[in-house]
Every structure is written in structure tokens, then in C-alpha cells.
Amino acid sequence: MTTQSSFFVATYYSGTVGEKFDQARSLYLKYGYRLTDSPLIHQELERLRQLALALGRHMQFMNLGECCSHCASHDGGGCCSAYMADNADSIQILMNMLLDVAVQQQDSGEENCCYLGERGCVFLAKPIFCLNYNCSTILNEARTDTLELLYQLVAEVLSQQTRLEFLLLDSLSRHETGNDTGTIGT
């Protein structure tokens with residue numbers, strides 16, 4: 001692993017839920033305007049927004065937000081347990097902030113994910129595990145064509161999130177090392 005890779009893992013992908021949230025907020029405050037001023041990053045953020053909104057509409061059509069929140073409100077919680085918040089890293093949280101999501105850690109008690117609101121996940125760009133996992137209730141109650149469209153939309157969102165993540169990491173690396181040559185998005 002390169003020194004730069006080690007830096008990214010130690011800085012952006014590890015730590016407690018609170019530390020990753022604080023790191024994302026710090027990056028947003030320090031570099032948010034520069035990142036969103038990049039034409040390429042701005043374009044990729046807007047593409048992610050459109051794909052995530054399309055996925056969100058389909059998830060809403062499937063009633064997943066309310067289904068998951070309802071399940072989480074019962075004893076033992078649901079799939080959106082407190083452990084799931086650890087799936088969100090600093091870059092994921094930063095993406096949401098750059099997408100104008102008012103990311104706040106919810107007072108969800110000790111059992112539920114702190115990013116689970118009354119109507120589902122507060123993130124627009126969700127962690128990969130959360131998008132790829134469907135519990136037996138969802139699988140048993142959804143029509144096959146509805147699930148197929150869900151899988152297609154999830155794949156599009158995750159591909160776009162990955163593309164944007166690489167752009168953000170490259171740009172942050174340039175800003176953090178003082179080697180910002182302005183080549184991203186020009």
C-alpha cells in the first residue's frame with residue numbers, strides 16, 4: 001500500500017462514526033466550495049443527484065423508507081441497526097454534503113442507525129451495503145419486475161458514486177498536498 005493510500009484509509013475510511021462525520025464536515029468546510037466549483041465534479045455530482053433521485057422515487061414507490069423505519073422501531077431494530085452507520089465513510093458523508101443534504105446524526109437511540117430518519121435513510125448517496133441488501137420482507141413482498149428495476153437503479157447509482165469518489169479523492173489529495181494544478185474539471 002502506498003503512503004498516499006495509507007493516508008486515505010487512515011483519514012477517510014477508518015475511525016468511529018462520529019470521527020468520520022467530523023472528518024467529512026471538516027473537508028466540506030475547508031474544500032466544499034472548491035470541489036463544487038470544479039466543472040467536472042459539479043457535473044458528476046449532478047449526475048449522481050439525478051440517478052439517486054430516480055432510485056429514491058422507485059424506493060418510495062416500493063415503500064421501502066417507511067417499511068425499514070417501521071421495522072427499525074420494533075424491539076431489536078431492523079436491518080438499519082446502529083452498526084450500519086459504520087458503513088458510511090467520510091467521503092460518502094462528504095458526497096451527501098456536496099449534494100446539499102443536511103446530514104445530521106439522528107437521535108435514534110442505541111439500536112438504530114444514526115442516519116435513519118422517520119422516512120428512511122437521510123442520505124441521498126447511500127453506502128454500498130445499504131443499497132445492495134434487501135431483507136426477506138422486501139424480497140417476499142416485491143414483484144419481480146419491481147426488484148429488477150431496483151437492482152438496475154442501484155447499479156447505476158453505485159457506479160456513479162464510485163466515479164465521483166475517485167474524482168473527490170484525487171482532488172482532495174491535490175488540495176491536501178498543495179499540488180492543486182487545477183486539472184480536475186478543467
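# Exercises on a predicted helical and stranded fold

Among contacts in the protein (heavy atoms within 4.5 Å) between residues at least 6 apart in sequence, 79% join residues at least 24 apart. The model is predicted, so local features need a pLDDT of at least 70 and side-chain atom pairs count only at pLDDT 80 or more, whereas totals for chains, interfaces and linings use all residues. Residues are numbered from 1 along each chain as its sequence is written, and side-chain values use heavy atoms, with hydrogens and water left out.

## Exercise 1: the overall plan

Describe the secondary structure, the confidence and the surface of the protein.

Solution. Begin with the elements, which are DSSP runs numbered from the N terminus, helices being H or I with at least four residues and strands E with at least two. The protein has 8 helices and 2 strands, and their order from the N terminus is α-α-α-α-α-β-β-α-α-α.

Next, consider pLDDT, the predictor's confidence in each residue on a scale from 0 to 100. The average for the protein is 84, and 86% of the residues score at least 70. Among the elements, the lowest mean pLDDT, 66, belongs to helix 1 (residues 3-13), while the highest, 96, belongs to helix 5.

A residue is called buried under 20% relative accessible area, exposed over 50%, and partly exposed in between (1.4 Å probe, protein chains only); of the 186 residues, 42% count as buried.

## Exercise 2: the surroundings of Q160 and E44

Which residues is Q160 in contact with, leaving aside its neighbours within four places in sequence?

Solution. Locate Q160 first: this residue sits in helix 8 (residues 144-177). Its relative accessibility is 5%, so Q160 counts as buried. With the neighbours within four places set aside, the contacts of Q160 are E44, R47, L48 and L51.

One of these partners, E44, leads on to a salt bridge, defined as a side-chain nitrogen of Lys or Arg within 4 Å of a carboxyl oxygen of Asp or Glu. The side chains of E44 and R163 form such a bridge, at 3.0 Å from N to O. This pair links distant parts of the chain, since R163 belongs to helix 8 and E44 to helix 3 (residues 39-61), 119 residues apart. The two ends can then be compared by accessibility: R163 is partly exposed at 42%, whereas E44 counts as buried at 5%.

## Exercise 3: further salt bridges

How many salt bridges are there by this rule, and where do D86 and K20 lie?

Solution. The count comes to 7 salt bridges. In the one between D86 and K20, the closest N and O atoms are 2.9 Å apart. D86 lies in the loop between helix 4 (64-72) and helix 5 (90-98), and K20 lies in helix 2 (residues 17-37), so that the pair, 66 residues apart, links distant parts of the chain. D86 is partly exposed, with a relative accessible area of 38%, while K20, at 3% relative accessibility, counts as buried.

D22 is partly exposed at 40%, and R25 is partly exposed at 39%.

## Exercise 4: cysteines and a nonpolar patch

Solution. A disulfide is a pair of cysteine sulfur atoms within 2.5 Å, and the structure holds 0 disulfides. The closest cysteine sulfur to that of C113 is in C114, at 5.1 Å, and therefore too far for a bond. For C121 the closest is in C130, at 6.3 Å, which is likewise too far. C113 counts as buried at 9% relative accessibility, whereas C121 counts as partly exposed at 33%.

I128, F129 and Y133 form the nonpolar patch, with about 300 Å² of accessible area together. I128 lies in helix 6 (residues 128-132) and is exposed, with a relative accessible area of 53%.

Terms used:
Patches are made of residues with over 30% relative accessible area and no salt bridge: like charges are joined within 9 Å, nonpolar side chains (Val, Leu, Ile, Met, Phe, Trp, Tyr) within 5 Å. Accessible areas come from the Shrake-Rupley method with a 1.4 Å probe; for residues, only the protein chains shown count as cover.
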